[in-house]
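Please keep the sequence and the three-dimensional view at hand while reading.

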Amino acid sequence: MNFDGRHIVVTGGAGVLGTAVVAALVEAGALCHVPCFDEAEAQRFRLRDNKQVTLTVAGNLADEAAVSRAYQGIAPLWASVHIAGGFAFGPLREAAVATIRQQIDMNLVSAMLCCRAAVTAMAGGGGRIVNIAARPALEWRTGAGMVAYAASKAAVAALTAALAEEVAKDGILVNAVAPSIMDTPANRQAMPKADYALWPKVEEVAATIVFLASPDNRVTRGAIVPVYGKS
């Protein structure tokens with residue numbers, strides 16, 4: 001896949017999955033724009049010195065002003081990949097309203113605002129948008145014990161399908177991936193007895209995201225693609 005000279009925003013690009021996505025895009029020739037929450041996150045990003053990567057300290061992407069900072073001056077925008085989000089575990093009966101609202105903001109509102117900014121920045125030139133749902137977004141019963149998270153990610157899936165229909169005529173293809181538990185250091189630490197061989201690797205999930213964001217994807221839109229590995 002050839003991304004030479006194409007500008008791509010990757011929110012959450014400094015995280016584990018985001019870094020894998022940015023690395024794959026850079027290798028394919030893309031110019032990546034990575035909004036970070038704060039300077040500390042920007043400093044932790046191992047690709048911060050790559051000449052094809054531009055970092056912006058944007059703040060909270062559930063805020064309109066932060067999203068405007070993240071997308072300002074990027075033209076023409078080819079693709080926008082929305083990995084930024086958050087996870088909350090625990091039964092609903094114990095969930096504070098603040099936690100519920102935080103999950104909606106971190107997962108749904110941030111994705112929706114970034115989708116809106118991306119569609120505006122593409123300005124009739126076509127492009128690609130890739131959101132991140134989750135397995136509970138497709139298999140609701142797997143969201144037991146993390147109801148606020150599951151509901152917010154199901155909303156991301158609905159956002160993806162509806163927006164894909166809305167902007168298809170503009171040549172913008174909108175899709176999402178729905179990972180199961182990924183093989184990350186944090187997940188291994190949280191579940192030390194799990195069979196890690198069953199979990200999808202972040203590089204494998206990144207490969208699916210990169211294809212959906214690529215010019216090679218000419219027909220796929222409105223898909224919520226399961227990336228479960230063997231789990």
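The model is predicted.

**Helix 6**

Helix 6 comprises the 21 residues 147-167. The buried residues of helix 6 include Ala148, Tyr149, Ala150, Ser152, Lys153 and Val156. Further along, Ala157, Leu159, Thr160, Leu163, Ala164 and Val167 are also among the buried residues of this helix. Against which elements do the buried residues of helix 6 pack? Their partners among the helices are helix 4 (97-122) and helix 5 (135-138). Their partners among the strands are strand 5 (127-132), strand 6 and strand 7 (224-227).

Arg69 belongs to helix 3, which covers residues 64-71. With a relative accessibility of 41%, Arg69 counts as partly exposed, because that class lies between the limits of 20% and 50%. Beyond its neighbours within four places in sequence, Arg69 is in contact with Thr56, Val57 and Ala58. Ala144, by contrast, is 75 residues from Arg69 in sequence and 36 Å from it in space, C-alpha to C-alpha.

Thr184 is located in the loop that lies between strand 6 (172-179) and helix 7 (185-190). Its relative accessibility is 11%, and Thr184 therefore counts as buried. The side chain of Thr184 reaches the backbone nitrogen of Asn187 at 3.1 Å. Leaving aside neighbours within four places in sequence, Thr184 is in contact with Val16 and Val202.

**Cysteines**

A disulfide is a covalent bond between the sulfur atoms of two cysteines. How many disulfides does the model contain? The count is zero. The cut-off for such a pair is 2.5 Å between the sulfur atoms.

| Cysteine | Closest cysteine sulfur | Sulfur-to-sulfur distance |
|---|---|---|
| Cys32 | Cys36 | 12 Å |
| Cys115 | Cys114 | 7.5 Å |

The sulfur of Cys32 is too far from that of Cys36 for a bond, because they are 12 Å apart. The 7.5 Å between the sulfur atoms of Cys115 and Cys114 is likewise too far for a bond. Cys32 is buried, at 1% relative accessibility. Cys115 is buried as well, with a relative accessible area of 2%.

How values were computed: Residues numbered from 1 in each chain as written. Predicted model: local features only at pLDDT ≥ 70, side-chain atom pairs only at ≥ 80, totals over all residues. Heavy atoms only, no water. Helix = DSSP H or I, 4+ residues; strand = E, 2+ residues; numbered from the N terminus. Buried < 20%, exposed > 50% of the residue type's maximum accessible area, 1.4 Å probe, protein only. Contact = heavy atoms within 4.5 Å. Polar contact = N/O pair within 3.5 Å; in protein donor to acceptor, adjacent residues only side chain to side chain. Expected span 1.5 Å × (residues − 1).
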